[in-house]
Amino acid sequence: NVSQVTEFILLGLSDTRELQVLFFTFFFLAYAMVLLGNLLIIVTVRTDPKLSSPMYFLLCNLSFIDICCTSVTSPRMLVDLLSQRKAITFEDCIAQLFFLHLVGASEMFLLTVMAYDRYAAICKPLHYTAIMSRQVCWALVSACWAGGFLHSIVQTLLTIQLPFCGPNTIDNYFCDVPPVIRLACTDIHVTEWLMASNSGLISLVCFLVLVTSYTFILVTIRVRFTEGHWKVLSTCASHVMVVTLFFVPCIFIYLRPFSTFPSDKHICVIYTVFSPVMNPFIYTLRNSEVKASMWKL
């Protein structure tokens, strides 16, 4: 395009040196927990034949996506927290934006598939093996990545066709659609509504499907509160908690015009850092089979 900007300056979370050191320590530990926790889940599921059900297959893929998601933003953020000048080239910024939306949208679709898997297992137990066969699982995971790619390529193409000729300061710690397109030297009302209808509606629809799925599960077990059903209820509650932690900030950020609201960089921390940290705890530490396999490993 006709952009004259060759790099962007990331303002980060704070310009206070003491806070930057504190943030570096916290986010370094969080990133290490994401890598170690999710790698442990992947190795455990791959090496234990007992964990071969569709639920664990999908959990393994969720762990891989969480590693990818946090690796898109965390390493550069950690480097920038120790740097005086937080610059990122135009090409690197667009690449970060593309991969962030690729793995982010893929995770949304995968969480929706995992909710459908729980619905099939609890509400249609006699047909579960046919509904969630290994071929179906692979097809669903492939569809999640394909959907994430289509979403991301649309966001990226809408961004790179904008001219950037003036300010180059991004009030965030990574490149995302809202703060980047605010810097465009043109009217972006049509573009931002197209992007909001893309990202925002995907987040909202996936969240509504998730809530509907868990509602059907609760309705199914409402009259039979045996010990096993209390376990199901507890598991669903924890899943809903982590799903809410991931989806609500995304809906808040993307389902609205970008140019009329201030930066949401502190809210972005929730779904780029906290959610990947919470997933290993929510989906494994409450699961006795996974914990037993981890101890054996």
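Q: Why is Cys 185 called partly exposed?
A: Buried means under 20% relative accessible area, exposed over 50%, and partly exposed in between (1.4 Å probe, protein chains only). Cys 185 has 32% relative accessibility, so it counts as partly exposed. The model is a predicted one, in which local features need pLDDT of at least 70, side-chain atom pairs count only at pLDDT 80 or more, and totals for chains, interfaces and linings use all residues. Residues are numbered from 1 along each chain as its sequence is written, and side-chain values use heavy atoms, with hydrogens and water left out.

Q: What makes Cys 165 and Cys 185 a disulfide?
A: A disulfide is a pair of cysteine sulfur atoms within 2.5 Å. The S to S distance of Cys 165 and Cys 185 is 2.3 Å, and a disulfide joins them. This pair links distant parts of the chain, 20 residues apart: Cys 165 is in the loop between H5 and S3, and Cys 185 in the loop between H6 and H7. Helices (H or I, at least four residues) and strands (E, at least two) are DSSP runs, numbered from the N terminus. Cys 165, at 40% relative accessibility, also counts as partly exposed.

Q: How many disulfides are counted by this rule?
A: The count comes to two. Another pair is Cys 93 and Cys 175, joined with an S to S distance of 2.1 Å. Cys 93 lies in helix H3 (residues 90-123) and Cys 175 in the loop between strand S3 (169-170) and helix H6 (177-181), 82 residues apart. Both Cys 93 and Cys 175 are buried.

Q: What is the pattern of the disulfides?
A: With bonded cysteines counted along the chain, the pattern is 1-3, 2-4. Cys 60 is in no disulfide, since the nearest cysteine sulfur, that of Cys 68, is 12 Å away. At 13% relative accessibility, Cys 60 counts as buried.

Q: How do you know whether Thr 159 is buried or exposed?
A: Thr 159 has 0% relative accessibility and therefore counts as buried. Thr 159 lies in helix H5 (residues 134-160). Contact means heavy atoms within 4.5 Å. Leaving aside neighbours within four places in sequence, Thr 159 is in contact with residues including Ile 94, Phe 164 and Met 195.
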